[in-house]
Amino acid sequence: MKRLIERSRSVGEVLRWVTQNPGKVSASHYPIALHKLGQLLQQQPGPPVGAGDSRGPAGQVLEQPEFHALCQAIVSGCAKFDNFSIVNCLYAAAALGLPGESPLVRVLEDESRSRLGRFNQKDVSMVFSSEANNKALEAIFSSQLFYENRQERFIRSMAEWLPRKAENLTPYTMALIAKYVARHRLREPRLLDTIANFLLKRGEQLDSKVIQKLVFPFSRMNYRPSNHGELFPKLEAILEQKAGSSPLATVNILMSMFQLSHFPQTVLHQVFSPTFITNVMSSPYALIVRRYLSLLDAAVELEFREYSGPRLDPRYRVLMFEHALTADEANRKYSYKGLVAEALRQLVGEECYRQDEVLPPGYCTDFLLWINRSGTVLPLSRVPASSRAPPAASPVTMSLRSSVLALTSDLQDFAPVVLSVNDKWHYCQNSDILVGSRAMRDRHLRLLGYCLVQLPYTELEKVSGIEEA
């Protein structure tokens, strides 16, 4: 039957083979028949398939009783089809130009969604590149199984066709896509630029909570979208109007922009104003906002020296993080940190370094050492106690800038060194580009006077044994 269908020379011949021999037609024959119909219709003159004009050959075929019988056979039997047949029928229906509201397409889409967790990567890509509508994309990115697993090939494929279809997506669906891309650190410029263009066109109609979800992938992937010259000023204007409506979202958006070294001055005037601070401190999420505001205030001092507006009241300054990041804790067993710790212990001795030191404004460091001008690692006993404490150890009473000056004057003969173990999850996927939060941390530590020694996982994975380490 497969060969008979594939060798058919006319639409009528395909329909006769399938509809007049039901006992010889299996599930795998239906997508072959639909594909063949599409090929034959493309060869005939008249309006293209799916053009909505029933007067041409294509429209006439779609109205034929034999074609309706073919569709009805698929609708009736698709629940028993294997995954491959379901996927290929849907893909062929899309190529044939059947409208999304047709019973055949609706049934195939519903069946596909119900099986989403059992589809392999190729099936998933075919289904959603053939549907590629708002409902379909919402379904796939809402799937917990899909969300928890990195689908790089699908994302690369989607980057090809999503720009053409983005206008028809809802903000909710685009936010789901952004969340997925950020979670898996997928630095796909075409996809990120599509999100940025969507945000540029729709930003004024979105609330701050949705905007923060769409902006986050840019900072997460340390990526300035190609339209940032237009997008960033527009985001500033939107935040000026909506800063107070959702304080946590506002601060999250600011953090994303800071990580990309963009500092919106007028919005900073608002978030550091007494009115905004009072509003935040009486909210259920007061602590997390204080942490973010403290880090933003530190970033202003270190990177935005020309800013002259209000600052965070010292009474509200806290450390951004008080211990290792959740991701680092969760991935501890995959980290090279233990290997480095043992090698460092054997090389310089435990009395010469500190591990997991949290430095203001709240950055957890892997290893902290002190080195003199000749390059010798010093024991802690030879470092003044005031210097062994992290600079600005009391963020409530001491500004970062003054603490840097104090540190510099105290450490005339030696300098603090941060040894940074950059594991795989500190980078964008398949890239040597650090994620935005890590990149900002490194910038700030350097500005605070620390020397940074980077140990990337790509080098550490080549190490064989403690001696090489």
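This is a chat about a predicted protein model, from its overall make-up to a few single residues.

Visitor: What am I looking at, and how are residues numbered?

Guide: Residues are numbered from 1 along each chain as its sequence is written. The model is predicted, so local features need pLDDT of at least 70 and side-chain atom pairs count only at pLDDT 80 or more, while totals for chains, interfaces and linings use all residues; side-chain values use heavy atoms, with hydrogens and water left out.

Visitor: How many helices and strands does the protein chain have?

Guide: The protein chain has 26 helices and 6 strands. Both are DSSP runs, numbered from the N terminus: helices are H or I with at least four residues, strands are E with at least two.

Visitor: What share of the residues is buried?

Guide: Buried residues make up 51% of the 469 in the protein chain. Buried means under 20% relative accessible area, exposed means over 50%, and partly exposed is in between (1.4 Å probe, protein chains only).

Visitor: And what share of the contacts joins residues at least 24 apart in sequence?

Guide: Among contacts between residues at least 6 apart, the share is 71%. A contact means heavy atoms within 4.5 Å.

Visitor: Let's pick a helix. Is helix 16 enclosed or open?

Guide: Helix 16 is largely enclosed by the rest of the structure, because 11 of its 13 residues are buried. Among them are Pro247, Ile253, Leu254 and Phe258.

Visitor: What covers those buried residues?

Guide: Several helices do, including helix 14 (208-220), helix 15 (228-242), helix 19 (286-303) and helix 24 (436-447).

Visitor: What span should helix 16 have?

Guide: Helix 16 covers residues 247-259 and should span 18 Å at 1.5 Å a residue. The expected span is 1.5 Å times one less than the number of residues. The end C-alpha atoms are 18 Å apart, which agrees.

Visitor: What follows helix 16?

Guide: Ser261 follows helix 16, and its phi is positive, near 60°.

Visitor: Which other residues have a positive phi?

Guide: Asn222 is one of them, with phi near 55°. Asn222 sits in the loop between helix 14 and helix 15. Asn430 also has phi near 55°. The place of Asn430 is the loop between strand 5 (414-422) and helix 24.

Visitor: Are those two asparagines buried or exposed?

Guide: Asn222 is partly exposed, at 23% relative accessible area. Asn430 counts as exposed, at 60%.

Visitor: You mentioned strand 5. What does strand 5 pair with?

Guide: Strand 5 pairs with strand 4 (residues 367-372) in the antiparallel sense, over 6 bridges. Another 6 bridges join strand 5 to strand 6 (residues 451-456), and those two run parallel. Two strands pair if DSSP finds at least two bridges between them.

Visitor: Which residues stand opposite each other there?

Guide: Ile371 stands opposite Ala415 in strand 5. Asn422 stands opposite Pro456 in strand 6.

Visitor: How does the chain get from strand 5 to strand 6?

Guide: The chain crosses through helix 24, in a right-handed β-α-β crossover. Right-handed means that, with the strands pointing away from the viewer, the path from the first strand over the helix to the second runs clockwise.

Visitor: Is strand 5 covered or open?

Guide: Strand 5 is mostly covered, with 8 of its 9 residues buried.

Visitor: New topic. How many disulfides are there?

Guide: The whole structure has 0 disulfides. A disulfide is a pair of cysteine sulfur atoms within 2.5 Å.

Visitor: Where is the cis peptide bond at Pro361?

Guide: The bond runs from Pro360 to Pro361, with omega near 10°. Pro361 lies in the loop between strand 2 (358-359) and strand 3 (363-364).

Visitor: What about Ser335? What does its side chain contact?

Guide: The side chain of Ser335 makes a polar contact with the side chain of Asp423, at 2.6 Å. A polar contact is a pair of N or O atoms within 3.5 Å; within protein, one must be able to donate a hydrogen and the other to accept it, and residues adjacent in sequence count only if both atoms are side-chain atoms. A polar atom of the Ser335 side chain also lies 3.0 Å from the backbone nitrogen of Lys337. Ser335 itself is in the loop between helix 20 (326-330) and helix 21 (337-348).
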